[in-house]
Amino acid sequence: MDDTLAVGTAIAEPGERADGWIEATDLPTGGTERLPVIVVNGAADGPVLWVTGGVHGDEATGVAVAQDAAASVDDASAELAGAVVSVPVVNPAGLRRTERTSYYGGDDPNRYFPDTERGDSRPPETQERIDARLFDLLAESADLLVDCHTAQAGSMPFTIRDRVLYGQERTETEAAALAADLDRLASALDLPVLTEYPAEEYVEQSLQRSTAGAALNTAGIPAVTAELGGHRVVEEDARTAGVAGIVAAAVEFGLLDSPPAGVADAGDGVPDAPVEYAVRRSVGPRVEEAGLVRHRVAVGDTVDAGEVVAEVVTPHGDVVEAVESERDGYVIARSEGLAAYEGQAVASMAVRDDGDVVVPRDAAEE
Ligand SMILES: [Zn+2]
């Protein structure tokens, strides 16, 4: 690492914190959309940990965690070897309206980061250009990334570990080494770890173009997504656990010897994974009959394959469907709302995963 670290207009000398802005795009009404950036540069050399939040504009706790993790590390900057770069609001247009997407195109900004193995037949959209500008800065200086999000109302906090793809970008051996560092990072946060969707669904959903997916699969940087409770309000337990997890990651990778005073132990105050086996993220099970949902499980409950997680009732209250889990696992969150149409999910679950974490890109695209 160079002595001075500059990201956007934030230029921090060793032992300093600098706050500044990254220019995202010019606004039609004048002025420029800017992303806030905090650079905490350690007195000594070491890895550069990036923390991002707010790529989804309604995910309040992630923004607070990105702000507070930088402040906590700044409190210990005399002992810091390396640097922390925090971009707490990646999607200011979404934040202004408390909405997930930006209003530039209305699409998910967290599916537009660069994917070098994907051919483009059209020029990049506005949001894609904004994402690429942030990504270039990240790829220039980051050695590690924690991207902070929230999930559904009442969701338990968890960490998503992406699939590591190999092919043009890296060999299988290189992918395995990257996956080992990724495991270290994911474990350090001390939240339940869920592997991302199976390989085919991973690429189908463009998750290699999420912030963490692109950092990992395009730039080769160990990168995880932290899902820190529900949307729209800062949840204190999840905020505390998120900051503690990021600080623990800084300790794990040698940026700090120990957590600064006042930072909780990683994993404190939030539930542990209730099962020992490897799990992946799953949205479901899904209803077949339209009706009103009665949940039969709570967040954190373990569920066996075939167990009923919800019933669907008619407007008069008669049961028309028992919705069963297809796999063993546990409940991460229950879907909001009483009404369900056919095909809609009643829960988010962590389900038993027997798929590979390191997968050939070709197979994922078949
Ligand atoms: Zn999100």
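Visitor: How far apart are the centres of domain 1 and domain 2?
Guide: In this predicted model, 31 Å separate the two centres, taken over C-alpha atoms. Domain 1 covers 5-252 and domain 2 covers 280-352.

Visitor: How many residues does each domain bring to the contact?
Guide: Domain 1 brings 14 residues, and domain 2 brings 16. They count because contact means heavy atoms within 4.5 Å.

Visitor: What area is buried between domain 1 and domain 2?
Guide: About 1200 Å², with carbon and sulfur atoms giving 59% of that. On the domain 1 side, Gln152, Met156 and Tyr197 supply 42% of the area buried against domain 2, more than any other three residues.

Visitor: Why is the meeting of Arg281 and Glu196 called a salt bridge?
Guide: Let's check it against the rule. The side chains of Arg281 and Glu196 come together at 3.1 Å, N to O. The cut-off is 4 Å between a side-chain nitrogen of Lys or Arg and a carboxyl oxygen of Asp or Glu. Across the interface of the two domains, the rule finds one salt bridge. There are also four residue pairs in polar contact across that interface, both residues at pLDDT 80 or more.

Visitor: Which strands supply at least two residues each to the side of domain 1 that touches domain 2?
Guide: Strand 8 (158-161) and strand 10 (193-195).

Visitor: And what classes of residue does that side of domain 1 have?
Guide: Eight nonpolar, four polar and two charged. Met156 and Tyr197, both named above for their buried area, would go under nonpolar, because Met and Tyr are counted that way.

Notes. Residues are numbered from 1 along each chain as its sequence is written. This is a predicted model: local features need pLDDT of at least 70, side-chain atom pairs count only at pLDDT 80 or more; totals for chains, interfaces and linings use all residues. Side-chain values use heavy atoms; hydrogens and water are left out. Domain bounds come from an automatic or database domain assignment. Buried area is the accessible area (1.4 Å probe) that two parts lose on being put together, summed over both. A polar contact is a pair of N or O atoms within 3.5 Å; within protein, one must be able to donate a hydrogen and the other to accept it, and residues adjacent in sequence count only if both atoms are side-chain atoms. Helices (H or I, at least four residues) and strands (E, at least two) are DSSP runs, numbered from the N terminus.
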